[in-house]
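I opened this entry to keep track of what I looked up in the model.

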Amino acid sequence: MQFIYTHPARIYAVLVAALALVAHYVPSLPSALVLGLAAAVLGTGEAVQRWEDAKTIAAGITPPAAVGPYED
């Protein structure tokens, strides 16, 4: 579960690439199915982008961990 939380964009990219290969090499798939999956992929991509943005914002807000015996 930690891997999914840490790397959602990578997982998304692999799944989309696999889906594209299936759509290309299986010509018997109905076009409505392929178009529906394309719409779902676009929506999922937006969700992954927002997740990554939230992680970036959280990292910017979180104070850095103290390194070494330094004091303020």
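**Fold**

I counted three helices and zero strands in the chain. Helices here are DSSP runs of H or I with at least four residues, strands are runs of E with at least two, and both are numbered from the N terminus. Along the sequence I read the pattern as α-α-α.

**Basis**

I note that this is a predicted model, in which local features need pLDDT of at least 70 and side-chain atom pairs count only at pLDDT 80 or more, while totals for chains, interfaces and linings use all residues. Residues are numbered from 1 along each chain as its sequence is written, and side-chain values use heavy atoms, with hydrogens and water left out.

**Surface**

I looked up burial next. Buried means under 20% relative accessible area, exposed over 50%, and partly exposed in between, with a 1.4 Å probe and protein chains only. Of the 72 residues in the chain, 6% are buried. The accessible surface of the chain is about 6100 Å², and carbon and sulfur atoms hold 71% of that surface. These areas come from the Shrake-Rupley method with a 1.4 Å probe; for residues, only the protein chains shown count as cover.

I then looked for patches. They are made of residues with over 30% relative accessible area and no salt bridge; like charges are joined within 9 Å, and nonpolar side chains (Val, Leu, Ile, Met, Phe, Trp, Tyr) within 5 Å. L21, V22, Y25 and V26 make a nonpolar surface patch of about 400 Å². I placed V22 in helix α2, residues 8-25. V22 has a relative accessible area of 44% and is partly exposed.

**Salt bridges**

I took a salt bridge as a side-chain nitrogen of Lys or Arg within 4 Å of a carboxyl oxygen of Asp or Glu. By that rule I get two salt bridges.

One pairs R50 with E46, with the closest N and O atoms 2.8 Å apart. Both sit in helix α3 (residues 31-61), four residues apart, so about one helical turn separates R50 from E46. I find R50 exposed at 57% relative accessibility, whereas E46 is partly exposed at 34%.

The other pairs E52 with K55, where the closest N and O atoms are 3.4 Å apart. E52 and K55 are three residues apart in helix α3, about one turn of the helix. I find E52 partly exposed, with 24% relative accessible area, and K55 also partly exposed, at 22%.
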